[in-house]
Amino acid sequence: MTVCAEDNAEDRYRPFGISLSGALGNYNSWDVDVDMEYRPIKYFGVSAGLRFTDISFGKDHIFGGKTIDHSHTWKTDDLSDFSYNFAFQPQVKLYTPNIKLDNVGDNLNFSIGYGLTIPLTNRASGVVVYTPAEKGQFIPDDEKRVSNSNRIYNVYNFVNISANLESGIWGLSLGYRVSDYDVFGSARNIVVEGQKLVFDNHKFNNEVYLAIHYKL
């Protein structure tokens with residue numbers, strides 16, 4: 001998410017800005033967003049950027065079991081393979097008027113935005129490792145890549161609110177974003193040896209983010 005600020009030194013309005021933000025969500029995921037914003041007036045902006053997602057906690061969670069013929073055990077231990085990693089994210093935002101902070105020359109405002117998260121990958125896949133089931137066998141002797149049974153083209157919606165502190169051409173935001181973004185949305189139909197992989201599934205994806213902004 002972004003914050004824009006006026007360059008008080010040059011006393012001119014700068015409509016373009018770039019921001020870098022980081023977020024933590026309830027899928028035990030973290031996100032890094034890079035956005036470019038165009039703000040033709042102080043109270044309205046449009047932006048577009050790229051979002052990178054990865055799993056932070058529980059990344060080593062293991063799905064596993066036995067093959068149908070019981071000759072091997074199998075497991076996969078990297079959830080990142082089954083999550084969305086890259087997405088395109090356009091957004092529109094409304095800003096409140098600035099609140100001048102006493103004697104420091106900084107401005108505080110608030111914003112609300114609506115946007116879309118459009119994953120750039122649509123078919124998750126990961127590696128399954130096979131180990132002989134005989135007692136005392138710990139070395140894998142085979143592996144294969146498994147994929148979602150169909151391609152899923154999902155588009156997700158989000159709303160966010162943020163408090164934005166502006167100081168010259170720099171800005172800092174603290175915000176909250178709620179969406180229907182399903183981090184494992186392209187991996188809901190993966191079956192290994194007759195067993196469907198069951199990933200976390202939440203009605204809403206709640207994220208807290210911190211962003212730093214530079215006005216061009």
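**Salt bridges, a charged patch and a buried threonine**

Asp31 and Arg51 form a salt bridge, with their closest N and O atoms 2.9 Å apart. Asp31 sits in strand E2 (residues 29-41) and Arg51 in strand E3 (residues 44-55), so this pair ties together parts that are 20 residues apart in sequence. Both Asp31 and Arg51 are buried. The model is a predicted one. Across the whole structure, a search finds 6 salt bridges.

**Arg39 and Glu166**

- A salt bridge links Arg39 to Glu166, and the closest N and O atoms are 3.8 Å apart.
- Arg39 belongs to strand E2 and Glu166 to strand E11 (residues 156-167), so the pair ties together parts that are 127 residues apart in sequence.
- Arg39 has a relative accessible area of 4%, so it is buried; buried means under 20%.
- Glu166 is buried as well, with a relative accessible area of 4%.

- Glu207 pairs with Arg177 in a salt bridge whose closest N and O atoms are 2.8 Å apart.
- Glu207 is in strand E15 (residues 205-215) and Arg177 is in strand E12 (residues 170-179), so parts that are 30 residues apart in sequence are tied together.
- Glu207 is buried, at a relative accessible area of 0%.
- Arg177 has 1% relative accessibility and therefore counts as buried.
- Through shared partners, salt bridges join Asp31, Asp33, Arg51, Arg177 and Glu207 into one network.

**Negative surface patch**

- Glu134, Asp141, Asp142 and Glu143 form a negative surface patch.
- Asp142, one of these patch residues, is found in strand E10 (residues 142-147).
- Asp142 has a relative accessible area of 46%, so it is partly exposed. That class lies between buried, under 20%, and exposed, over 50%.

**Thr67**

- Thr67 lies in a loop, between strand E4 (63-66) and strand E5 (72-76).
- Thr67 counts as buried because its relative accessibility is 7%.
- Leaving aside neighbours within four places in sequence, Thr67 is in contact with His72, Trp74, Tyr130 and Glu193.
- Thr67 and Tyr156 are 89 residues apart in sequence, and their C-alpha atoms are 36 Å apart in space.

Definitions and conventions: Residues are numbered from 1 along each chain as its sequence is written. This is a predicted model: local features need pLDDT of at least 70, side-chain atom pairs count only at pLDDT 80 or more; totals for chains, interfaces and linings use all residues. Side-chain values use heavy atoms; hydrogens and water are left out. Patches are made of residues with over 30% relative accessible area and no salt bridge: like charges are joined within 9 Å, nonpolar side chains (Val, Leu, Ile, Met, Phe, Trp, Tyr) within 5 Å. Accessible areas come from the Shrake-Rupley method with a 1.4 Å probe; for residues, only the protein chains shown count as cover. A salt bridge is a side-chain nitrogen of Lys or Arg within 4 Å of a carboxyl oxygen of Asp or Glu. Lys and Arg count as positive and Asp and Glu as negative; His and the chain ends are not counted. The place of a charge is taken as NZ of Lys, CZ of Arg, CG of Asp or CD of Glu. Helices (H or I, at least four residues) and strands (E, at least two) are DSSP runs, numbered from the N terminus. Buried means under 20% relative accessible area, exposed over 50%, partly exposed in between (1.4 Å probe, protein chains only). Contact means heavy atoms within 4.5 Å.
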